[in-house]
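Please read the following report with the sequence and the model side by side. It moves from a pair of neighbouring strands to the surroundings of a ligand and then to a few single residues.

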Amino acid sequence: MKTTLDFTGRNIAITGGCSGIGFALAQTLIALGATVYIADIVKNPPAELVDHDRIHITYGCDITKRDACKSFIDSIPGRLDGLVNCAGTSTWEGKIGSDEVYQRTMDINVNGTWNMGTEAMRRMSGQEDVESPGAIPGVVRNVGQGAIVNVGSGASLRGVSGLAAYSASKHAILGLTRSWARDFPKLRVNAVAPGATDTPLAEATVAAAPTGDTNVIIGKAQIASIPKGRMAYATDIADAVVFLLSDWSSFITGQCLPVNGGNF
Ligand SMILES: NC(=O)c1ccc[n+]([C@@H]2O[C@H](COP(=O)([O-])OP(=O)(O)OC[C@H]3O[C@@H](n4cnc5c(N)ncnc54)[C@H](O)[C@@H]3O)[C@@H](O)[C@H]2O)c1
């Protein structure tokens with residue numbers, strides 16, 4: 001009887017799995033036995049990718065395009081046990097952001113999550129429930145039809161100066177998460193809210209800010225004040241997502257798990 005975190009035989013889809021948090025998540029899930037299906041807009045494999053027969057990547061898949069999301073979900077054989085909506089964007093917006101950045105941010109972060117989430121839920125809501133053994137002999141968990149995890153942000157829970165469009169988009173992620181959880185009670189739909197995480201996206205967001213911008217200085221001070229004393233590693237966030245995908249969170253739905261080293 002398997003009582004540890006075990007994803008053997010489980011098919012998990014990840015958007016944005018070619019970089020940062022999504023990439024760390026894909027590697028973690030592979031190590032735990034899952035078969036991983038990645039949809040990413042990049043055209044080439046990430047340099048760090050170690051090819052594996054349980055990683056399948058659809059390159060050039062743009063989650064803002066509904067037909068691309070449908071084709072991706074349709075291409076996954078067998079049962080779809082989980083989806084992680086991880087692909088996202090952010091850039092420094094300043095106090096008066098541009099309409100173009102606003103539209104792009106909403107398009108990827110909100111519409112992309114909507115598109116892939118909706119296609120996945122259509123598929124998953126037709127599946128049989130799965131039962132798995134609990135850690136205590138005789139205890140059985142009903143883990144339902146599958147799990148969806150949406151990657152929000154600390155900016156899902158508060159406004160962030162200079163990132164208004166990003167904050168609005170990440171608040172919207174919570175709205176989708178909470179409503180989907182009520183609409184699909186046989187699925188589990190949760191979100192994570194990462195704090196500052198050391199990835200190419202975080203680096204690019206800070207780099208886009210003008211030198212000397214007080215918000216950047218405030219941002220740096222905030223990092224210094226994280227009780228854990230550092231930014232998150234991508235693996236810190238991946239671990240939390242794995243828990244929410246796993247049979248060990250079978251009664252958790254509609255929730256948002258902050259992963260921020262105590263900087264709430
Ligand atoms: N890094 C942080 O500090 C931080 C903090 C809070 C939340 N987040 C969230 O975590 C998620 C992952 O961010 P990350 O830091 O790992 O970023 P990242 O840039 O390292 O990875 C994002 C991935 O998404 C892909 N992507 C972007 N647009 C896409 C599209 N239209 N279609 C398909 N794929 C697309 C990119 O190609 C990339 O592989 C994002 O939703 C982000 O908002 C990050």
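Strand 1 (residues 11-15) and strand 2 (residues 35-40) run in the parallel sense and pair over five bridges, where two strands are said to pair if DSSP finds at least two bridges between them. The strands and helices named here are DSSP runs, numbered from the N terminus, with at least two residues (E) for a strand and at least four (H or I) for a helix. This is a predicted model, in which local features need pLDDT of at least 70 and side-chain atom pairs count only at pLDDT 80 or more, while totals for chains, interfaces and linings use all residues. Residues are numbered from 1 along each chain as its sequence is written, and side-chain values use heavy atoms, with hydrogens and water left out.

How many of the five residues of strand 1 are buried? Five of its five residues are buried, and the strand is mostly covered; buried means under 20% relative accessible area, whereas exposed means over 50% and partly exposed lies in between, with a 1.4 Å probe and protein chains only. In a regular strand the side chains alternate between the two faces of the sheet. In strand 1, Asn11, Ala13 and Thr15 point one way, while Ile12 and Ile14 point the other way.

The ligand has 28 residues around it, and Ser19, Ile21, Asp40, Tyr166 and Thr199 come nearest; a residue counts as near if one of its heavy atoms lies within 4 Å. This shell divides into 16 nonpolar, nine polar and three charged residues, where Ala, Val, Leu, Ile, Met, Phe, Trp, Tyr, Cys and Pro count as nonpolar, Asp, Glu, Lys and Arg as charged, and the others, Gly among them, as polar.

| Residue and atom | Ligand atom | Distance |
|---|---|---|
| Asp40, polar side-chain atom | oxygen | 2.6 Å |
| Tyr166, polar side-chain atom | oxygen | 2.7 Å |
| Ile41, polar backbone atom | nitrogen | 3.3 Å |

Taken alone, the ligand exposes 830 Å², and the protein buries 92% of that, with accessible areas from the Shrake-Rupley method and a 1.4 Å probe. Helix 1 (20-31), helix 4 (164-183) and helix 5 (200-207) are the elements that give two or more residues to the shell, and helix 5 supplies the largest share, three residues.

Some single residues complete the report. Asn190, in strand 8 (residues 187-194), is buried with a relative accessible area of 0%, and a polar atom of its side chain lies 2.9 Å from the backbone oxygen of Ile252. Pro194 also has its place in strand 8 and counts as buried because its relative accessibility is 8%. Ala181, found in helix 4, is buried as well, with a relative accessible area of 9%.

Key. A polar contact is a pair of N or O atoms within 3.5 Å; within protein, one must be able to donate a hydrogen and the other to accept it, and residues adjacent in sequence count only if both atoms are side-chain atoms.
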